[in-house]
Amino acid sequence: MDVSSEKVVDMELVQVSETGASQRMEAVGFQRCMDRVLNDYKLNVKRFATDRHTGIRKLMRTKYSSVKHNFDIFHLAKNIKSKLRKAAKKKGNEELEPWIKSIINHLWFCARACNKDQELLVQMWSSVVYHVLGQHEWSDDPNLPLFQKCGHDPLTDLQQRKKIWLKAGSSAHEALKKVALAKRLLKDIRFLAEFMHTGALEVFHNVLLKYAPKRLEFGYSSMTARLKLAAIDHNQNVGRAKAVVKKPHKGSSARGEVQYKKVFTKMTKSWVLKARYEAKNYDYVKDLMKGVVYRRQTRTIDPCQQRLQKILHQLKPPQKKKC
């Protein structure tokens, strides 16, 4: 997906029998798409954002080293949140639970405010172990020379009293330090410096579920067609304007204001307000139908791609012995 236009540029359907293991499928699909984008489409790719998939990470380092590799902040934040919640469930770490949301918000703030400076980003993130103690300046820490105090406004006495600060050296604080200051995490956080995220790609995945639900099984050619239809649907309707109130009624917003809907999120288990968007445009369906009829009449329809071999090995099954 292109970041600026949020449109799907290319896609690849990979079957497990092609790779021999499900862990290699994503890297194989990524490599095929990237080769087409760079070599066939001749696109100038400057930056690319992915999750922390080890296979893709190696390909970006070896084969596509000319492209700046970034990590998607959403996936990394989700991983950190999972580790913090796991740590907070242990006995003695219960005080860490109320801080998890603020810690994740701090990660997003650091990635956005670091001005693409990787070292500053790491130091800003590391400062969270001081903030949770109620300590907002740490000029005596030689490991944080670029960021020596919190970026927020000074807290009032009331705010200081209402906060349940962690205690230095407590079990909860040590658990936070173990997660937040892990060597691998501090190394990976550097890949967030350009503040790239794949939120628009997650939107496309939701559209894809309408065409290819995970609870159903489809043949290879059918799955290919459904992927393409989902991409066409998404690309034709990306960038829709937000819906506004046209005929206000009692209890609604004023005319011209953005409409919102209440959505319950399973991850946070809370209600949130999300903006409504204008209705989708499906005019492209008529063009697709005309094209199908024309190609059927002119007999120029491409043959369906055959289903790939499902057997993962070449050994023939043994003969059954007759009783």
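**Salt bridges, cores and rings**

User: Which side chain does lysine 63 meet in a salt bridge?

Analyst: The side chain of lysine 63 meets that of aspartate 35, with 3.2 Å from N to O, where a salt bridge is a side-chain nitrogen of Lys or Arg within 4 Å of a carboxyl oxygen of Asp or Glu. The two residues come from distant parts of the chain, 28 residues apart, with lysine 63 in the loop between helix 3 (54–62) and strand 2 (68–71) and aspartate 35 in helix 2. Helices (H or I, at least four residues) and strands (E, at least two) are DSSP runs, numbered from the N terminus.

User: What should I know about the model and the numbering before we go on?

Analyst: This is a predicted model, in which local features need pLDDT of at least 70 and side-chain atom pairs count only at pLDDT 80 or more, while totals for chains, interfaces and linings use all residues. Residues are numbered from 1 along each chain as its sequence is written, and side-chain values use heavy atoms, with hydrogens and water left out.

User: Okay, back to that pair: is lysine 63 buried, exposed or partly exposed?

Analyst: Lysine 63 is partly exposed, at a relative accessible area of 41%, and aspartate 35 is also partly exposed, at 22%. Here buried means under 20% relative accessible area, exposed means over 50%, and partly exposed lies in between (1.4 Å probe, protein chains only).

User: How many salt bridges does a search of the whole structure find?

Analyst: The search of the whole structure finds 13 salt bridges. One of them joins arginine 32 to glutamate 18, with the closest N and O atoms 2.9 Å apart. Arginine 32 is in helix 2 (residues 25–40) and glutamate 18 is in helix 1 (residues 16–19), so this pair ties together parts that lie 14 residues apart in sequence. Arginine 32 is partly exposed at 29%, and glutamate 18 is partly exposed at 33%.

User: Which residues are linked with Glu18 and Arg32 in a network of salt bridges?

Analyst: That network of salt bridges links Asp10, Glu12 and Arg36 with Glu18 and Arg32.

User: And which residue forms a salt bridge with aspartate 188?

Analyst: Aspartate 188 forms a salt bridge with arginine 57, where the closest N and O atoms are 2.8 Å apart. This pair spans 131 residues of the chain, from arginine 57 in helix 3 to aspartate 188 in helix 10 (residues 183–189). Aspartate 188 is buried, at 0% relative accessibility, and arginine 57 is buried too, at 16%.

User: New topic: which residues touch the most other members of the largest nonpolar core?

Analyst: Ile80, Leu96, Trp125, Ile189 and Leu192 touch the most other members of that core, which has 42 residues. A nonpolar core is a set of buried Ala, Val, Leu, Ile, Met, Phe, Trp, Tyr and Cys residues joined through side-chain atoms within 4.5 Å. Helix 4 gives the largest share of this core, seven residues.

User: What does isoleucine 80 touch?

Analyst: Not counting residues up to four places away in sequence, isoleucine 80 touches Ile104, Leu107, Trp125, Val179 and Leu185, where contact means heavy atoms within 4.5 Å.

User: How many aromatic pairs does the search find?

Analyst: Nine aromatic pairs are found in the whole structure. Tryptophan 138 and phenylalanine 147 have ring centres 6.1 Å apart and planes at 45°, so their pair is tilted. Rings of Phe, Tyr and Trp (its six-membered ring) pair if their centres lie within 6.5 Å, and planes under 30 degrees apart count as stacked, over 60 as edge-to-face and the rest as tilted. Tryptophan 138 is buried at 0%, and phenylalanine 147 is buried at 12%.
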